[in-house]
Amino acid sequence: MASPILTADFARQFPELAQPWQAATPPQPELLVLNESLAAELGLDPAWLKSPDGLKLLTGNDVPDGAIPVAQAYAGHQFGNYVPLLGDGRALLLGELDGEHRHDIHLKGSGPTPFARGGDGLAVVGPMLREYVISEAMHALGIPTTRSLAVVATGAQVQRETPLPGAVLTRIAASHLRVGSFQLVAQQARATGDLGLLRRLADYAIARHYPDAVHAENPYLAMLQGVLEAQASLIAKWMHVGFVHGVMNTDNMSISGETIDYGPCAFMEAYDPATVFSSIDYAGRYAYGNQPLVAQWNLARFAETILPLLAATEELALSVAVETLEGFMPRYHGLWSAGMLAKFGLSASVEAAALIDQALALMTDNQVDYTSFFRQLAAAGRGDVDALPAVFGDWLQRWRAMRPDVDAMDRVNPVYIARNHLVEQALTSAMRGDLAPVEKLLGVITDPYRERDGLEAYAAPAPPEFGAYRTFCGT
């Protein structure tokens, strides 16, 4: 097979936001893991990707004719503080894969760019495999996400606290348009009074992600409503599986509604809305229970960027934006409630809502593992009276009296998630050159709803000796 056809659509349309750049040349590239099923979905030949020419593509050292690798520029609020210029400091957009749906093919850890801000632009094996594992777990759980196509070891040592083996991740995304992309363009529009670039970026986002908005009376308002809907759905799904993103800065919120940037993320075990894993989230801004509010805040920042496109006057634009944003939380709660009813096997009613709230309170007070609780609850619904802790005794009787659909529960409640201690164990082995634990973990978590004999350890929470879990950005 010849190399895939890549377009340079973004690079050509938005030179103001795209710095042409060349990936660093790895001294000794070695393929660590290839997502063959994703490659097939994209029309790529796995055998070719494993070849020397394929590795050159996966490290950005030989791109197809017509492609223009670029580092994208954007701004963003980081932990609430606005940074007027961020951009891809260690990443490159190689181009877009054309198909039924257009996808970006993107590198992470490919060397410093003009946006590196003093960093080395490199990545190491552990964090890149971590993104591969967790993004594939999210995809298997039915949650919109960027995907990982491959991780290639570079053969170079990267200096962190100690020298570590370097790696490049190849990421696939619907696009890499972020709230921060619009923030940078809006900042320029305010400085110059020229709305041309802002309008072009909004039109590009509509064409790529919300094509139905073209036919709306106000396409830009329809785009805002589409982004709001996508984010309400995404955050509800995060909450349903106990996912904590950890770094919900505006430059990490995708316009497409995909989960993007798997830095300090992790899955909650003992249920607690205050759960934080990130080592730099000192105030708990991005705690599990805060994620819906942060999403709404980020959407408000997005709405601010397109105010000049929403109405003829600023006053009217503000009114339209506020009215739209006020719909986020009701929409999120509706989606969250529907998903939680399904997890508990119940139909909508005031009694069911109260029962769910009571269960979550009991789980918080008793540090009950969130994921395994629902499978244990289904077992209790089938007659296993000892499946749940005794503290749920009275609650369980009231739940069973509502005739829950326990078979339907098993279809929405995973047995296996990317348990933090298992991820760390697998990555530790991989850093030593043993990829077998990563491959085994991937085999389990990419089929999360089917319980299998012999995999009990993959369904259990971390043992006490694992201790409190802390995550890092991997930079």
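**From the end of a helix to the annotated sites**

Guide: Gly 242, which has a positive phi near 75°, comes directly after helix H8; helices here are DSSP runs (H or I, at least four residues), strands are runs of E with at least two, and both are numbered from the N terminus. This is a predicted model, in which local features need pLDDT of at least 70 and side-chain atom pairs count only at pLDDT 80 or more, while totals for chains, interfaces and linings use all residues. Residues are numbered from 1 along each chain as its sequence is written, and side-chain values use heavy atoms, with hydrogens and water left out.

Visitor: How do you know that the span of H8 is close to what is expected?

Guide: The expected span is 1.5 Å times one less than the number of residues. For H8, which runs over residues 219-241 and has 23 residues, that gives 33 Å, and the distance from its first C-alpha to its last is likewise 33 Å.

Visitor: What makes H8 mostly covered?

Guide: A residue is buried when its relative accessible area is under 20%, exposed when over 50%, and partly exposed in between (1.4 Å probe, protein chains only). In H8, 18 of the 23 residues are buried.

Visitor: What makes Asn 218 a cap of H8?

Guide: A side-chain oxygen of Asn 218 lies 3.1 Å from the backbone nitrogen of Tyr 220, at the N-terminal end of H8. A polar contact is a pair of N or O atoms within 3.5 Å, where one must be able to donate a hydrogen and the other to accept it, and where residues adjacent in sequence count only if both atoms are side-chain atoms. The 3.1 Å distance of the Asn 218 cap therefore falls within the 3.5 Å limit.

Visitor: Which residues does UniProt list together with Asn 252 as "binding site"?

Guide: The unreviewed entry lists Asn 252 and Asp 261 under that name; UniProt positions follow the numbering used here, feature names are shortened, and annotations may be inferred rather than shown by experiment. Asn 252 is found in the loop between strand S11 (243-244) and strand S12 (266-267), and Asp 261 is also placed in the loop between S11 and S12.

Visitor: Why does Asn 252 count as buried?

Guide: Its relative accessibility is 9%, so Asn 252 counts as buried.

Visitor: What does Asn 252 touch?

Guide: Contact means heavy atoms within 4.5 Å, and, not counting residues up to four places away in sequence, Asn 252 touches Arg 178, His 245, Val 247, Ile 260 and Asp 261. With the neighbours within four places left aside, Asp 261 is in contact with residues including Lys 108 and Arg 171.

Visitor: Why is Ser 256 called buried?

Guide: Ser 256, placed in the loop between S11 and S12, has a relative accessible area of 17%, and it is therefore buried. The side chain of Ser 256 makes a polar contact of 2.8 Å with the side chain of Ser 254, and a polar atom of the Ser 256 side chain lies 3.3 Å from the backbone nitrogen of Glu 258.

Visitor: What makes Phe 14 and Tyr 204 an edge-to-face pair?

Guide: The structure holds 22 aromatic pairs. Rings of Phe, Tyr and Trp (its six-membered ring) pair if their centres lie within 6.5 Å, and planes under 30 degrees apart count as stacked, over 60 as edge-to-face and the rest as tilted. Phe 14 and Tyr 204 are 5.1 Å apart, centre to centre, with 80° between the planes, and they form an edge-to-face pair. The two are 190 residues apart, with Phe 14 in the loop between helix H1 (9-13) and strand S2 (18-20) and Tyr 204 in helix H7 (residues 196-209). Phe 14 counts as buried at 0% relative accessibility, and Tyr 204 is buried with a relative accessible area of 7%.

Visitor: Why is the pair of Tyr 271 and Tyr 370 called stacked?

Guide: The ring centres of Tyr 271 and Tyr 370 are 5.5 Å apart and the planes are at 25°, so the pair is stacked. Tyr 271 lies in the loop between S12 and helix H9 (291-305) and Tyr 370 in helix H14 (residues 370-381), so the pair ties together parts that are 99 residues apart in sequence. Tyr 271 and Tyr 370 are both buried, and they belong to one aromatic cluster, which also includes Trp 395 and Trp 399.
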